[in-house]
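Me: Please take a close look at a single part of this model. One connected answer will do.

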Amino acid sequence: MIPRSCYVHVPFCVHRCGYCDFTLVAGRDDLIGPYLEGIERELHFVLGEPADRLELDTFYWGGGTPSYLDPDQLRQLNQTLLSRFTLAADAEFTVEANPHGLDESRIQTLADLGCNRISLGVQSFDADVLKTLERDHSPEDIQTVVERLRSRIDNFSIDLIFGVPGQTLDSYRTTLDRAIDLAPRHLSTYGLTFEKGTTFWSRREHGSLKQVDEELERDLYALTIERLEAAGYRQYEVSSFAQPGFESRHNQVYWSGKPYHAFGPGASRYLNGRRDNNHRSLFTWLKRLQDGTSPVGESETLSPEDRARELLILGLRQIKGVSHAEFEELTGFAPKTLMGKYFSTHRDNGLIEDDGHDVRITPAGRFIADSIVVDYLRTD
Ligand code: SF4
């Protein structure tokens, strides 16, 4: 299969938020120039000598904060990438952005470059929650940015986080309502996680930050589904909601097992059945490319069965579930065989349902989707 999608990681932020473990550097603007050169080197390293440009259906710049780059840097990045790629006429071109710093000139530049979808790191409309998350924008900034976006890039998605220490059901209800009022085409909602190595992790260990209890987290997720569906958004994946026709095409490429290119520190590409994960350190990624060596830190070629298990998990996170026939045709494995004894255990417990055509996680199962699907990685 020829890849028709490309992810580009832009590893710069104003500062590192306490819960974030993404690949990025903060306060190192001096590295933006070398990073842009690094992307050029990586394109050459991975794709070889320039040939015909490769056409893309989806193009995704994530981070970090891609909108941290100034207009000249955004143009340079785009020009470098488009020396090797071209966008299909109806391509989806998404750029992640933060409300802080997404000014008129950046929006205009992104629109001029063909960006037609913005994924906005809103997280909350509650000033106290934003402070806890160590975000650098205010609820008012969100409103201002959305007004700026409307006339140029009308298709925007909002990211929200629930389960933040101090967050209440009422405060989160207000956040959901304010998000809905802005009429984004798409929303992604995530439960806060405490990743090892982050300051949130240490603060929880030392008792200065208390994780919300499971019951509240469950109620917050239930409220998300209830409020967003009532407002006309369709949940199409455990964490993703969209107006009809505005589902993320790029994410669906990941979930369907199709190949994709990826560039930048920490980025993972999936080509010819092999996953290559670039080194997570910007410094190592850069140094290797400057030395003419591979920026890949880890590679894995999954066995057909492991790949099928991975696809099963990604498929089950989607609300439509997995078609028995299509899955078996694609992978050579029957979903029920891979699920083993957990198929009947989870079905009998009301966590999955099977209508003979598709198997899917039930609405009750969505609350513990991660712990359900992890059972399908087991071979016992
Ligand atoms: S803005 Fe996003 S990517 Fe940057 S540090 Fe905060 S959470 Fe991480």
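This is a predicted model: local features need pLDDT of at least 70, side-chain atom pairs count only at pLDDT 80 or more; totals for chains, interfaces and linings use all residues.

Reply: Residues are numbered from 1 along each chain as its sequence is written, and side-chain values use heavy atoms, with hydrogens and water left out.

Start with the length of α8. Helix α8 has 17 residues, 214-230. Helices here are DSSP runs of H or I, at least four residues, and strands are runs of E, at least two, numbered from the N terminus. The expected span is 1.5 Å times one less than the number of residues. For α8 that gives 24 Å, and the end C-alpha atoms are 24 Å apart, which agrees.

Now its buried side. Buried means under 20% relative accessible area, with a 1.4 Å probe and protein chains only. In α8 the buried residues are L220, Y221, L223, T224, I225 and L228. An α-helix has 3.6 residues a turn, so residues three or four places apart point the same way.

Next, the cover. Contact means heavy atoms within 4.5 Å. The elements covering the buried residues of α8 include one helix, α6 (169-181). Strands β7 (156-162) and β8 (186-191) are also among them. So are β9 (234-237) and β10 (240-242).

Just after α8 comes G232, with a positive phi of about 95°.

Elsewhere, there is a ligand. Residues around the ligand, with a heavy atom within 4 Å, include C13, H15, R16 and C17.

Note on methods. Buried means under 20% relative accessible area, exposed over 50%, partly exposed in between (1.4 Å probe, protein chains only).
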